Amino acid sequence: MTSLSSRAVPSTCWDGDLRTVLRGLLTTIGDKWSLAVISVLVAGPVRFTEIQRRVDGISHRLLTKTLRELQRDGLVSRTAHAEIPPRVEYALTPLGQALLEPIEALVQWVEQHGRAVLANRTAHG
């Protein structure tokens with residue numbers, strides 16, 4: 001562990017398997033679309049076309065890819081209803097719901113410190 005200020009902060013997971021999970025999740029949820037899709041699913045099950053309508057600028061292909069990655073990690077479920085026409089809904093799983101708290105913490109951090117980040121970006125080109 002590395003000492004920062006008066007607190008010890010782990011630089012990464014010590015377990016190699018968990019370190020791999022962490023890197024993969026950061027890649028998945030850190031992409032351009034995942035958090036936008038997750039934010040649509042917070043309210044409950046949503047159909048593919050509704051997600052696409054509510055996530056401005058996402059293509060059919062990228063939404064499909066994003067949903068598959070979120071499903072692969074167990075954050076989103078896909079339910080196909082046996083109806084005509086077919087109806088498929090996506091929802092956050094309990095694991096995906098558990099991710100909302102750290103996402104909210106990150107949003108709060110940005111609200112508190114985002115202006116400083118912008119100022120640093122401007123100062124450093």
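In this predicted model, the side chains of glutamate 83 and arginine 87 meet in a salt bridge, with 2.8 Å from N to O. Here a salt bridge denotes a side-chain nitrogen of Lys or Arg within 4 Å of a carboxyl oxygen of Asp or Glu. Salt bridges that share partners join Glu83, Arg87 and Glu89 into one network. Glutamate 83 counts as partly exposed because its relative accessible area is 37%. The term buried applies under 20% relative accessible area, exposed applies over 50%, and partly exposed covers the range in between (1.4 Å probe, protein chains only).

The model is predicted, so that local features need pLDDT of at least 70 and side-chain atom pairs count only at pLDDT 80 or more, while totals for chains, interfaces and linings use all residues. Residues are numbered from 1 along each chain as its sequence is written, and side-chain values use heavy atoms, with hydrogens and water left out.

**Salt bridges**

A search of the whole structure finds five salt bridges. Three of them are listed below, including the pair already described.

| Glutamate 69 | Lysine 65 | 2.9 Å |

Glutamate 69 and lysine 65 both lie in helix 4 (residues 60-72), four residues apart, which is about one turn of the helix. Helices (H or I, at least four residues) and strands (E, at least two) are DSSP runs, numbered from the N terminus. Glutamate 69 is buried because its relative accessibility is 17%, whereas lysine 65 is partly exposed at 40%.

**The largest pocket**

Rolling a probe the size of a water molecule over the atoms shows where empty space is left. The largest pocket holds about 380 Å³ of space. Of the 14 residues that line this pocket, the closest to its centre are Leu22, Leu25, Leu26, Ile29 and Leu99. A pocket is defined on a 1 Å grid over the protein atoms alone, as an open set of points where a 1.4 Å probe fits, with protein on both sides within 12 Å along at least five of seven lines; lining residues have an atom within 4 Å of a point. The volume is the space filled by probe spheres set on the points, which are joined across faces, edges and corners.

Helix 1 (16-29), helix 5 (94-98) and helix 6 each supply at least two residues of the lining. The largest share, four residues, comes from helix 1. By class, the lining has twelve nonpolar, one polar and one charged residues.

Glycine 16 is placed in helix 1 and is partly exposed, with a relative accessible area of 30%. The C-alpha atoms of glycine 16 and isoleucine 38 are separated by 27 Å, and the two residues are 22 residues apart along the chain.

A cis peptide bond, with omega about -5°, joins isoleucine 84 and proline 85. Proline 85 lies in the loop between strand 4 (76-81) and strand 5 (87-92).

Tryptophan 109 belongs to helix 6 (residues 100-123). At 44% relative accessibility, tryptophan 109 counts as partly exposed.

Definitions and conventions. Nonpolar A, V, L, I, M, F, W, Y, C, P; charged D, E, K, R; others polar.
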